[in-house]
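Please examine the sequence and the structure shown here before reading the explanation.

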Amino acid sequence: MADQDNNDVADLIKDSPIPDSPVIPTTYDGEHVISFRCHKDIGCFNACCKNSDITLTPYDIIRLKKHLGMTSSDFLKKYTVPYEMEKDGMAGVRFLPVENGTACQLLSEEGCTVYEDRPTSCRYYPIGLLSMRKQDEYVDRQAYALVKEEHCLGHNEDNKMTIDEYRKQQGVEEYDEIDRGWRQLILKRKSSGPGIGTLTKQSLQLFFMACYDLDRFRLFVTSSGFKESFQMGDAEFEQIQTDDIALLHFGFRLLRQVLFGESSIDVKDGVTETRAAAKKERDAVKAEANPVDPDQPSPDDNSDMYTMCEN
Ligand code: SF4
Ligand code: SF4
C-alpha cells in the first residue's frame, strides 16, 4: 500500500467507531468475504463487552433510551460520558463502564440486556466502518476494516459471508442511514480545515443537544421563541413533537445552517433584525451585571441560541 494510502487509513481508523483497536490496516469494500460467527456457546462469550469502548451515534441513543424507558438527558447522565472528537471540536458520546471496572453497564451474565437495540459499534464488531470524505464536501464513501483481537474466537469459526451480508444480518443499514446526516456534519467539519473558523461554545452546545439530547432539543424547537423565528409548516411542527427520527433530521438541517452557514431553514421576515436589536440590549444589560464575563449565558436563556440559529 502506498504511504499516502497508509496515512489515510490511519486517519480513518482514528475516526472509526472502534478506535484504538487492533484494526488490520487494510480497507475493504462490502464484497470482501470474512469468516466469523459469534454465539452463546463460544468460549469467549461476553469477553468483548467486559472491556468495551463503545462510541454512540444519535440513533443508538434514540433506540437505547426507548428500550430503557428514559429521557435522553437521563440516559446520557447514567450511561455515557462525552469526549472531544478533536481538539476544540464537536463532542462525541461513549458508554460509561461500570463503576471501578471496564465492563459495559448493560451486560449481564446472560449477555447483552439490550440486544435488539444494541448500538452500531456492537453490531458492526469485528468490522470497523470507515467514512471517507472529500475536501469541503458532505459526500462520504464507506469502507471497512477488520478488527482482530486475540480474545475474540469468532474469527476461528467457519462461517463465510461478505461484509455486506454481515451488515444486513446485524441490521446496521437502518442505523447507518439514519445517522448519515450526523456523520456528514462531522466529516464536513473535519475536511473544512481552519477556513471554517472556531466553533463557538453555543454552536457546540447546540450540536450536542440536537444530536444526543433529543428530548431537550425538542423543548428548544417547540418553544414559542423558536416557532416565532422560523418558517415551519404545521405538519412538520406536529411531526417533530412526537417523532424522534424526524426531529433528528430537522436537527441535522439546523446544524448545517448554524455550523456552515447554509440556508436550510427559512427565517421569518424581520425576525433577524428584531433579534439583533434585542441581543444588543441584552448584551449591554449582561455586561453591566457581569463585567468580568459578559458572554456567560444564563442557563435558562435561549435567546442567544435562537439568534445563532438564524445566521
Ligand atoms: S450494549 Fe450490549 S453488546 Fe454492546 S457492549 Fe454493552 S452489553 Fe455488549
Ligand atoms: S466471538 Fe468475539 S464478538 Fe463474540 S462474544 Fe466472543 S469476543 Fe465477543
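The model is a predicted one: local features need pLDDT of at least 70 and side-chain atom pairs count only at pLDDT 80 or more, whereas totals for chains, interfaces and linings use all residues. Residues are numbered from 1 along each chain as its sequence is written, and chains are lettered from A and ligands numbered from 1 in the order in which they are written.

Helices (H or I, at least four residues) and strands (E, at least two) are taken as DSSP runs and numbered from the N terminus. Two strands are said to pair if DSSP finds at least two bridges between them. On this basis, 3 strands make up an open sheet with antiparallel pairing, in the order 3-5-4. Its edges are strand 3 (55-56) and strand 4 (80-84), each of which pairs on one side only. Strand 3 is joined to strand 5 (residues 91-95) by 2 bridges, and the two run antiparallel; here Leu56 stands opposite Val93. Strand 5 also pairs with strand 4, again in the antiparallel sense, over 5 bridges.

Pro82 belongs to strand 4, and its bridge partner in strand 5 is Val93. With neighbours within four places in sequence left aside, Pro82 is in contact (C-beta atoms, placed from the backbone, within 7 Å) with Ala91 and Val93. Pro82 and Leu96 are 14 residues apart in sequence, and their C-alpha atoms lie 9.1 Å apart in space. A residue is classed as buried if 20 or more other C-beta atoms, placed from the backbone, lie within 10 Å of its own, as exposed if 12 or fewer do, and as partly exposed in between. Pro82 has 13 other C-beta atoms within 10 Å and is therefore partly exposed.

The ligand shells come next. A residue is assigned to a shell if its C-beta atom, placed from the backbone, lies within 6 Å of the molecule. Around ligand 1 are Cys49, Ser52, Ile54, Cys104, Leu106, Leu107, Cys112, Val114, Arg118, Pro119 and Cys122.

Most residues other than glycine have a negative phi, and most peptide bonds are trans. Asn46, although not a glycine, has a positive phi of about 75 degrees. Asn46 lies in the loop between strand 2 (33-35) and strand 3 and is partly exposed, because 16 other C-beta atoms lie within 10 Å. Tyr125 is joined to Pro126 by a cis peptide bond with omega about 10 degrees; Pro126 lies in the loop between helix 4 (120-124) and strand 8 (127-133).

In helix 8 (residues 214-221), the buried residues are Leu214, Phe217, Arg218 and Val221. They lie on the same side of helix 8 because they cover an arc of only 105 degrees around the axis, taken from the directions from the helix axis to the C-beta atoms. Among the elements that cover them are helix 2 (58-68), helix 7 (201-211) and helix 11 (244-260).

Key. Two residues are in contact if their C-beta atoms, placed from the backbone, lie within 7 Å.
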